[in-house]
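Please look through the structure shown below, and keep the sequence at hand while you read the briefing that follows. The points are grouped by topic, so that each part can be traced on the model in turn.

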Amino acid sequence: MTSHRCQCLCVVATFVVFLSVLVVVSRGQPADLSSREVGVAHHDGRPVLRHEVAPILTEDTLTEQEQEFEYLIEGEKKKGTRRVLTLDIGGGAKMEFVRIPKGTFLMGAPDGEPEALAGEKPQRRVEITRDYYIGKYEVTQAQYYAVSDMDPSKFKGGRLPVERVSWDDATAFCWTLSGRTHWKVELPTEAQWEYACRAGTTTSFHFGSQLNGGLANCDGEIPYGTKTPGAYKETTVEVGSYPANPWGLHDMHGNVWEWCRDFYYPYDNFARLKDPFQSMTSSEDSCIQRGGSWYGYARNCRAAYRLNCRPGSRVSSNGFRVCIRLD
Ligand SMILES: [Ca+2]
């Protein structure tokens, strides 16, 4: 009798464990992560991460540093100050984040912007209701290796941006870093990305309305806003090789495309104007990438340009930068 009860208990326990695993695995691609959730991210089709995400630290624990920097607008040099948080991300690597103040901005392409596509319109006023941190640079290969123990990039160099990373890889990186640092690390929403890229400007690029490869790493042989062609380096370059934007961020235009957390949606079907974010609605959805790349035409580097891409895509123009959520 006792043996029979033991067997029953074993069967029930096995079933409960099986159900738990099923629930975790069936979560599929993560859309949003709140503290204490158990996460599963996929790399090469395998679940590779599963850990408790610790609660974020409070703002009392911040140790920011003020940094002065130079930026360019319409060819004129200006001075700015950024508030930088430096995190030890393990593996001997650090990562710098710039604090972005909450506020409102016009998201999307204005009427009359040359070569703007229908998906970039209508332009509308969007509110970002909380401060957040965003990477001063794209995630580098040294940082990616320190966190994920992988080095997938085509072009090799510790200070080059990591590429050949999918949306799944980028999300897995965020989850690992969240667990390691106790901060809520995530990909920027598309709105957070464009807000940070524009940094208060309204032109096609944060430095003006022309690009031919001189102020951002792209295919300058196909210029934008000018008939004068420029450089096409045919490779990524070290992060921070070009001037910062007015909020102190580098390479928001060009170098590598940057995965955003959102799945693609048309602006005109999307009424939310506060902290807009679109989670996945079907397995056919595409993710958003922003900012253009070393491989792309200058027009694709515009602040308003939206690329939709399958989340599993791993090509040498795909990279990312990460945010820290404060709430
Ligand atoms: Ca970029």
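Trp259 stands opposite Gln289 in strand S11, and this pair belongs to a predicted model. Strand S10, which covers residues 257-263, and strand S11, which covers residues 287-290, pair in the antiparallel sense over three bridges.

**The four-stranded sheet**

- S10 and S11 are part of an open sheet of four strands, which follow one another in the order S12-S11-S10-S13, and the pairing in this sheet is mixed.
- The edges of this sheet are taken by strand S12 (306-309) and strand S13 (318-319), each of which pairs on one side only.

**The six-stranded sheet**

- A further open sheet is formed by six strands in the order S3-S4-S5-S8-S14-S9, and here the pairing is antiparallel.
- Strand S3 (64-73) and strand S9 (185-186) each have a single partner strand, so one side of each is left without a neighbour in the sheet.
- S3 pairs with strand S4 (residues 76-90) in the antiparallel sense over ten bridges; among the residues that face each other, Glu66 stands opposite Arg83 in S4, and Gln67 stands opposite Arg82 in S4.
- The two strands S3 and S4 form a hairpin with two residues between them, and Glu74, which lies in the turn, has a positive phi of about 50 degrees.

- How many of the eight residues of helix H2 (residues 141-148) are buried? Seven of them are, so the helix is largely enclosed by the rest of the structure.
- The buried residues of H2 are Gln141, Ala142, Gln143, Tyr144, Ala146, Val147 and Ser148.
- What covers these buried residues includes S4, strand S5 (93-100) and helix H3 (167-181).
- H2 is followed by Asp149, whose phi is positive, near 65 degrees.

**Ala109 in its loop**

- Ala109 is found in the loop between strand S6 (103-107) and strand S7 (124-128).
- Ala109 and Gln123 are 14 residues apart in sequence, and yet their C-alpha atoms are 5.6 Å apart in space.
- If its neighbours within four places in sequence are left aside, Ala109 is in contact with Ala116, Glu120, Lys121, Gln123 and Ala304.

**The largest nonpolar core**

- In soluble globular proteins, nonpolar side chains tend to be buried together.
- The largest nonpolar core has 69 residues, and those with the most contacts inside it are Tyr133, Ile134, Ala170, Cys174, Leu187, Ala196 and Leu211.
- H3 gives the most to this core, with seven residues.
- Which residues are in contact with Ala170, leaving aside its neighbours within four places in sequence? They are Val165, Leu187, Trp259 and Phe320, and Trp259 is the residue that stands opposite Gln289 in S11.

Methods:
Residues are numbered from 1 along each chain as its sequence is written. This is a predicted model: local features need pLDDT of at least 70, side-chain atom pairs count only at pLDDT 80 or more; totals for chains, interfaces and linings use all residues. Two strands pair if DSSP finds at least two bridges between them. A residue is buried if 20 or more other C-beta atoms lie within 10 Å of its own, exposed if 12 or fewer, and partly exposed in between; C-beta atoms are placed from the backbone. Two residues are in contact if their C-beta atoms, placed from the backbone, lie within 7 Å. A nonpolar core is a set of buried Ala, Val, Leu, Ile, Met, Phe, Trp, Tyr and Cys residues joined through C-beta atoms within 7 Å.
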